[in-house]
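Hi,

Here is the structure I promised to pass on.

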Amino acid sequence: MNQPLLQFNDKGIYCQQADVYLDPWRPVKNAIITHGHSDHARWGHQNYITHYSNIPIIKHRLGEINVSGKNWNETFTINGVKFSFHPAGHIIGSAQIRVEYKGEIWVFTGDYKTEDDGISVPYEVVKCHSFITECTFGLPAFKWEPQADVMTEINNWWAENHAEGKTSVLFGYSLGKAQRLLKYLDPSIGQIYTHGAIENMTNIVRSMIDLPPTIRVTSETKKEDLLGNIVIAPPSAHGSTWIRKMTPFVTGTASGWMAFRGARRRRAVDRGFVLSDHCDWTGLLESIKATGAEKVICTHGYSDIFSRYLRELGYDARTANTQYEGETNDVNNDEL
Amino acid sequence: MKNFAELIKTLDSSNKTSVKVDALTNYFLKASDEDKVWTIAILSHRRPPRPVNTTLLRLWANELANIPLWLFEESYHIVGDLAETIALVIPTTKEHSDKSLTEFLQEIIALKKKTDSEKKEYLQTNWLNLNYYERFVFTKLITGSFRIGLSQKLMTRALSKAENIDEDTLAYKLMGDWNPNTITFQELILDERNSDYLSKPYPFYLAYPIEGEPESLGNPEDWSAEHKWDGIRSQTIIRDNEIYVWSRGEELVTDKYPEFQSFIGNIPDGTVIDGEILPFIDNQIGAFNDLQTRIGRKNVSASVLKNTPVIIKAYDLLEWQGNDIRNLPYEKRRTLLEELFTTLIGKEIPLQLSERFTFSTWEDVINERMKSREMKSEGLMLKRKDSPYLVGRKKGDWWKWKIEPLTIDAVLTYAMRGHGRRSNLFTDYTFALWQENENNERELVTFAKAYSGLTDAEFRMVDDFIKKNTLERFGPVRSVTPKLVFEIGFEGIALSKRHKSGVATRFPRILRWRHDKKIEDANSIEDLKNMIS
């Protein structure tokens, strides 16, 4: 019985005692899912277990699946192993998974952030012995400004473009970032338009949170209608013909990667706003400390560097290879 | 400083030339005269000497960041820019600073003479008093140039708009050896002056590469042609019994080439020659690589002078008998230059005429171009006979027509993260070719580094491959499973003792990704050596 409670294998994070996987990346029988992003909620599992609010999102992505929903803090037991979901603050519905067996407690964070964004249920510290944490932004170079300041910056940018009669195109991932941006855009500046992918996802999220009205950009939308207004689009729309029709426009991207000058220039966007749905350096270190964990396993991100630093701080820390897409600082594959 | 930091931020965050020029024009309209002088100086790479070495900078920044030094170094490798890393890891406080750009620069100049503890105190206080972007700009003023994609030409254009002074006149005023700490804006930009024009070079006229075939240039009779030399573009000024040699980078390099002192007395005062500095060993033009021993050195030793003598190949005359003759037609200037050379016959000075060749059809030109490697040139220059000597890179009158690069298929073996805009991708590659070792086994031997030539999409694919096929990590460098083959192009090639492969290549760059080739199909060092003519 020296098997660790959770192990990493080629399919995902495996709990042998319960025969379930957490966020598996290959099709399995039983999958417990942290949140709706495509690198965590994948296609092809026989049974999905997730927090209630993720169900419509995952169904929208994957079609009809066999899924059961749980509440926050609701304990469900599989072959003696107790599981429960706790808010991760990453996007709407995002959860950490707490796993307990014979008094030993593990927590898998999925993706998380410590700042309360006002749309996800805020991150909650869960005490544990072993903590499996993402570290997408696990470098001391990443320190976020408060959301309110960044949103002021974004609204000022929009207002400037509005004054110059240009369309503002703001890129953000269609699940999570897009709704977070929407929520805090200032509708007194102009109208908020959305790319179809974002409109579809937003309509699903609307049943759970209050968001300002949006207009879908369609083939009938005239570029004159858009002037001075803002369009929220997924990063993959950058450089597409869809967007070129909106001339004159200015582009902006909201992402943690925008902290690096090089990243913004490489994407050739006019403005970069540093706004992330992941923990910054301080957020990671503080939450690890707060869990009381002795053992830390770092998954996607700057995991080698981050775990080495944790070892110097006295943690029993190591890295594990996963297929979560932490380091995709890429136009088409933004931080998930 | 706030305005300057804001300016740099705007320049840095736009890819549009018009936005950059507008931002700079507005800045010039509002800035104080002394800040304007410093801004011009910094944007034209006239930074004060570095007052602190980067080791100490890292150490002191790291102390404020309160992280282990290795973590700082790792962050630096990923961020790709030292000043940016320092600005990012140091915490932002509620403090602020109202000092002007000029005040900061004067302090930075004064800092050089201070003790280490005073330097540390100064830097740490200021780092904590500035916001993130100001902190970045402040540190950049100390460490190096801003790579913000703003050429001297665009800076001059903005200044021209703000001050309502002709762009070419400004370009001339901004050239040469002026000190931002002592010159005033009035003296630099506004005053008409003659006395200190003694060392001033004229802005260089630069050629564009020819588009398509030379037939498109029209009648061959309207054109003059010569070989294009592969050395250092230079301007040699003889005025008032003194010589000044400028390189194209607007660097005064007179002291690096003492052999040119012999021009004084042989070439009359009031002469300015446009030409190329070339290595000239055993009465033959050498490879650009030979010049390396002359470029980096402050003090030129007798042995270097003996081993790597240089000459200037003259191709144009800009000033004659004290008159600026740039507006004369090229043909007329050339005639004057050739006349000057007739007076130099029999004089042992390291100055040669870049000979023009005669041709009557474009066919002749094409044939001459094929002799380029043999002539030790990198192709041809075509100049319109009636053209004036223009300022900067302008299309129409001067064209360069380089020969096709030499190429070889090589294997990707090491990779490093790029810098600046590519800091998050592995884009700096090392390539290897096959060689037989003493046991008669074929092994891959490094021969060149290259970091340009692929599209952004290709770089992402290679980056992805590297991350998945890393063998070992050495700090920022990764060794990679040899699998990908690329066609590498380069301009020149020479034997070299400094290179593991025994060969040095000039301007290596990636021409294309050879998806169709396996590593076994890549070329060998032997193949490369066979290219040395």
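**What I found**

Chain A is assigned two domains: domain 1 covers 6–141 + 277–331 and domain 2 covers 147–274. Those bounds come from an automatic or database domain assignment. Before you read on, note that this is a predicted model, in which local features need pLDDT of at least 70, side-chain atom pairs count only at pLDDT 80 or more, and totals for chains, interfaces and linings use all residues. Residues are numbered from 1 along each chain as its sequence is written, while chains are lettered from A and ligands numbered from 1 in the order in which they are written.

Back to the domains of chain A: the centres of domain 1 and domain 2, taken over C-alpha atoms, are 29 Å apart. Their contact involves 18 residues of domain 1 and 20 residues of domain 2 (contact between two residues: C-beta atoms, placed from the backbone, within 7 Å). On the domain 1 side, eight residues are nonpolar, seven polar and three charged. For those classes, Ala, Val, Leu, Ile, Met, Phe, Trp, Tyr, Cys and Pro count as nonpolar, Asp, Glu, Lys and Arg as charged, and the others, Gly among them, as polar.

Now the sheet in chain A. Seven strands form an open sheet in the order β7-β8-β9-β10-β11-β18-β19, with mixed pairing. Helices (H or I, at least four residues) and strands (E, at least two) are DSSP runs, numbered from the N terminus, and two strands pair if DSSP finds at least two bridges between them. The edges are β7 (76–78) and β19 (316–319) of chain A, each with a single partner strand, so one side of each has no neighbour in the sheet. From one strand to the next, the twist averages 25° (axes are lines fitted to C-alpha atoms, for helices over the stretch in contact, and angles run from 0 to 180 degrees between N-to-C directions).

Strand β18 (residues 295–301) of chain A runs parallel to β19(A), and four bridges join the two. In that pairing, K295(A) sits opposite D316(A) of β19(A). Helix α8 (residues 281–291) of chain A packs on the sheet, where it touches β10 (104–108), β11 (130–135) and β18 of chain A, and its direction makes about 170° with that of β11(A). Helix α9 (residues 303–312) of chain A lies across β11, β18 and β19 of chain A, at about 160° to β18(A).

On to where the chains meet: 23 residues of chain B contact 20 residues of chain A. On the chain B side, α1, α5 (69–79) and α6 (82–89) each supply at least two residues, and α5(B) gives the most, with five. That side divides into eight nonpolar, nine polar and six charged residues.

Two helix pairs within chain B are worth a look too. The axes of α1 (residues 2–13) and α2 (residues 17–30) of chain B come within 9 Å and cross at roughly 170°. That makes α1(B) roughly antiparallel to α2(B) (under 35 degrees counts as roughly parallel, over 145 as roughly antiparallel, 65 to 115 as roughly perpendicular, the rest as oblique). Their contact has five nonpolar, two polar and two charged residues.

For α7 (residues 101–111) and α9 (residues 132–143) of chain B, the axes come within 11 Å and cross at roughly 40°, so α7(B) is oblique to α9(B). Here F104(B), L105(B) and I108(B) of α7(B) meet F138(B), L141(B) and I142(B) of α9(B). That contact has six nonpolar residues, no polar and no charged.

Cheers
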